[in-house]
Amino acid sequence: MLKDIIIAIQSYLEAHRFIVKHRLWKWIFIPGILYAILFCTGIYLFWISSGQAIDTLFSITGLKKWMYTMEGSWLKFLFIFGQVILQLVLLLFYFSLFKYLFLIIGSPLFAYLSEKTEAIMEERDLPFSFPQLLKDMIRGIKLAMRNALWQTVYTLSILILSFIPLIGWFTPLIALIIECYYLGYAMLDYSCERNKLSTSQSIDFIGRHKGLALGNGIVFYLMHTIIIVGWILAPSYAVIAATISFYKVKSNLL
């Protein structure tokens, strides 16, 4: 898996050179600006709503009142820290839902960008096919809904763990790893579909190359640490990098 993670990370550097060489900036900025606007709005609303939800939960259960009576206690510190951890997990969960919504909206563009990338790499023409585009859209939507369901199940399990002292402190990291994997999974599936892999075959292939999905998602989220610029570049870079990394292991399909 480590080898696949390295391939996925290196593919981002190759994606940058690829974009510059073939002047694909319009495919980067159009979805990127929309994503950045939605990302800023979503994170603000999610952070406020998650904070209110946790505060309400603590008030209903009586934990909030109990904490006020524990001035200077380590238990109070642990509960406050646990509250921050819980909010981070909820934030990642909210962001995953936002991600799937954006993947559904942007599936036509991402499918086309992935196909265009492979066509350039293979030095062949890319005739536009509306039926194929429609097929890619439907598959992308189905995949997003499937992954959203599974990730929700995992996240709910993580939310339960977040209430356990000490163990719960690691739940944001676990949630982030899962988030990275499913983001990379979605980006790789465009190439899987184009290479005639069924949904079950795609699941099997990505299951054997988890590092490609995980590595793609890790760099995607690291790019978010670069304010504004990283948010704009991240979506399309992830698609192109996933296409390049898939192309490298294409011989191991089935």
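Visitor: Of the contacts in the chain with a separation of 6 or more, what share comes from residues 24 or more positions apart?
Guide: That share is 82%. Keep in mind that this is a predicted model.

Visitor: OK. How many helices and strands does the chain have?
Guide: There are 9 helices and 0 strands. Along the sequence the pattern reads α-α-α-α-α-α-α-α-α.

Visitor: And what percentage of the residues is buried?
Guide: Of the 254 residues in the chain, 48% are buried.

Visitor: Let's look at helices, then. At what angle do α8 and α9 pack?
Guide: The angle is about 155°, and the axes of α8 and α9 are 10 Å apart. Helix α9 covers residues 229-248, while helix α8 covers residues 210-222.

Visitor: What does that make them relative to each other, roughly parallel or roughly antiparallel?
Guide: Roughly antiparallel, because angles over 145 degrees count that way. The crossing of α8 and α9 is right-handed.

Visitor: Which residues meet there?
Guide: From α8 there are Leu-212, Asn-216 and Phe-220. On the α9 side they meet Ala-234, Pro-235, Ala-238, Ala-241, Ala-242 and Ser-245.

Visitor: How do the residues of that contact divide into nonpolar, polar and charged?
Guide: In the contact of α8 with α9, 7 are nonpolar, 2 are polar and none is charged.

Visitor: What about α6 and α7, how do their axes cross?
Guide: The axes of α6 (residues 171-194) and α7 (residues 199-208) cross at roughly 125° and come within 10 Å. That angle makes α6 oblique to α7. The crossing of α6 and α7 is right-handed.

Visitor: Which residues of α6 and α7 meet?
Guide: On α6 they are Tyr-181, Tyr-185, Leu-188, Asp-189 and Cys-192. On α7 they are Ser-202, Ile-203, Phe-205 and Ile-206. The contact of α6 with α7 divides into 7 nonpolar residues, 1 polar and 1 charged.

Visitor: Changing topic. How many aromatic pairs are there?
Guide: The count is 13 aromatic pairs. One of them is Tyr-35 with Phe-220, an edge-to-face pair with 6.2 Å from centre to centre and 65° between the planes.

Visitor: Where in the chain do those two sit?
Guide: Tyr-35 is in helix α2 (residues 25-61) and Phe-220 is in helix α8, so the pair links distant parts of the chain, 185 residues apart.

Visitor: Are Tyr-35 and Phe-220 buried or exposed?
Guide: Both Tyr-35 and Phe-220 are buried.

Visitor: Which residues form the aromatic cluster with them?
Guide: Tyr-35 and Phe-220 form one aromatic cluster with Phe-39, Tyr-221 and Trp-231. Phe-220 also belongs to the α8 side of the contact with α9.

Visitor: Still on α8, what about Gly-217, buried or exposed?
Guide: Gly-217, which is in helix α8, counts as buried because its relative accessibility is 0%.

Visitor: What is Gly-217 in contact with?
Guide: Leaving aside neighbours within four places in sequence, Gly-217 is in contact with Cys-180, Leu-183 and Gly-184. The C-alpha atoms of Gly-217 and Ala-186 are separated by 9.6 Å, and these residues are 31 apart along the chain.

Visitor: Now the start of the chain. Where is Ser-11 found?
Guide: Ser-11 is in helix α1, which covers residues 2-22. Its relative accessible area is 0%, so Ser-11 is buried.

Visitor: What does Ser-11 touch?
Guide: Not counting residues up to four places away in sequence, Ser-11 touches Ala-241, Ile-244, Ser-245 and Lys-248. Ala-241 and Ser-245 are also among the α9 residues that meet α8.

Visitor: Last topic, the loops. What is the phi of Arg-23?
Guide: Arg-23 has a positive phi of about 50°, although it is not a glycine. Most residues other than glycine have a negative phi. Arg-23 lies in the loop between α1 and α2, and Arg-23 is exposed because its relative accessible area is 74%.

Visitor: And what is the phi of Ile-228?
Guide: Ile-228, also not a glycine, has a positive phi of about 65°. Ile-228 is in the loop between α8 and α9.

Terms used: Residues are numbered from 1 along each chain as its sequence is written. This is a predicted model: local features need pLDDT of at least 70, side-chain atom pairs count only at pLDDT 80 or more; totals for chains, interfaces and linings use all residues. Side-chain values use heavy atoms; hydrogens and water are left out. Rings of Phe, Tyr and Trp (its six-membered ring) pair if their centres lie within 6.5 Å; planes under 30 degrees apart count as stacked, over 60 as edge-to-face and the rest as tilted. Helices (H or I, at least four residues) and strands (E, at least two) are DSSP runs, numbered from the N terminus. Buried means under 20% relative accessible area, exposed over 50%, partly exposed in between (1.4 Å probe, protein chains only). Axes are lines fitted to C-alpha atoms, for helices over the stretch in contact, and angles run from 0 to 180 degrees between N-to-C directions. Angles under 35 degrees count as roughly parallel, over 145 as roughly antiparallel, 65 to 115 as roughly perpendicular and the rest as oblique. A crossing is left-handed if the near helix is turned anticlockwise from the far one by less than a right angle, and right-handed if clockwise. Contact means heavy atoms within 4.5 Å. Ala, Val, Leu, Ile, Met, Phe, Trp, Tyr, Cys and Pro count as nonpolar, Asp, Glu, Lys and Arg as charged, and the others, Gly among them, as polar.
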